[in-house]
Amino acid sequence: MIISTWEWIRLLGLLAYFYFTISIIFGLLRKSSFVKSHKNLIYHIHQNAGWLGLITVIAHMFVLLIDHYEPYSIVEILIPFTAKYQSIPSAFGTIAFYLFLMVIMTSDLWIRTMNRSLWKKLHFLVLPAWVISLAHGVLIGTDTENVLIMMFYVVSGGITMLVLAARTISQFVKKVNVSTTHNS
C-alpha cells in the first residue's frame, strides 16, 4: 500500500505533536515533587521524545517540500507568514519549530556553556511552542474534523494541563514548606 505525501504530512505532523507532548509531560513529571522514583527513566523518556519530535517535525517539513498538491517552498517553510497556503496557521508551525529547536539545542548541546538561569528561561519556551504547535495542528490540519483526532488533541491537551497544574502546585507547596521550616 502506497501512502501519499498528503497522508505522510498529516501522519508526521500528528506524530511530532505526540512526541513533543510526551516530552513535555515527562519533563514536567521529572521535576515534580510528587514523583519520587524512576527519575532517570523519566528523564530519558523526556529527552528521547523531544529528539524524536524534532526529527519527525523535520521530516514533516521535508515532505511539505515534495508534496505535489500543495507544495511549500523552503522560504515558506522557514520564514513565518510567507506561505501562500493558510499563512497564519502555517506560520504557527514554523514558529513552534524554531522554539522547539532552540529548547532542544540549548538543553542537549549548549547547556554546559550556558548560565543556568538563562537556560531555565529558554527551556520553558517549550510550553508556548507546544501551544502554538497545537494551534497549528487544529487550524491547518485536515483531520481536525475527525472526532478521533479532536479527541486526541483534547485528551493530550488536558493531560498536559493537568500535569502542568500538578507540577505548579507541587512547586508552590514545596516553597511554602521550605519557608515554614526556615521560619520555625
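This is a predicted model: local features need pLDDT of at least 70, side-chain atom pairs count only at pLDDT 80 or more; totals for chains, interfaces and linings use all residues.
**Exercise 1. Describe the overall build of the chain: which secondary structure elements does it have, and what box do its C-alpha atoms fill?**

Step 1. Start with the elements: the chain has 7 helices and 0 strands.

Step 2. Write them in sequence order, and the pattern reads α-α-α-α-α-α-α.

Step 3. Now turn to the dimensions: along the principal axes, the C-alpha atoms fill a box of roughly 70 × 40 × 30 Å.

**Exercise 2. Work out what the surface and the charges look like across the chain.**

Step 1. Begin with burial: 38% of the 184 residues count as buried.

Step 2. Next, take the accessible surface, which comes to about 11,100 Å². Carbon and sulfur atoms supply 73% of that surface.

Step 3. Finally, look at the charged side chains: 13 are positive and 7 are negative. The centres of these two sets lie 30 Å apart.

**Exercise 3. Locate T106 and decide: is T106 buried or exposed?**

Step 1. Find the residue in the chain: T106 sits in helix 4, which covers residues 87-108.

Step 2. Check its accessibility. The cut-off for buried is under 20% relative accessible area. T106 has 4% relative accessibility, so T106 counts as buried.

Step 3. See what surrounds it. Leaving aside residues up to four places away in sequence, T106 touches I111, M114, W119 and L122.

How values were computed: Residues are numbered from 1 along each chain as its sequence is written. Side-chain values use heavy atoms; hydrogens and water are left out. Helices (H or I, at least four residues) and strands (E, at least two) are DSSP runs, numbered from the N terminus. Buried means under 20% relative accessible area, exposed over 50%, partly exposed in between (1.4 Å probe, protein chains only). Accessible areas come from the Shrake-Rupley method with a 1.4 Å probe; for residues, only the protein chains shown count as cover. Lys and Arg count as positive and Asp and Glu as negative; His and the chain ends are not counted. The place of a charge is taken as NZ of Lys, CZ of Arg, CG of Asp or CD of Glu. Contact means heavy atoms within 4.5 Å.
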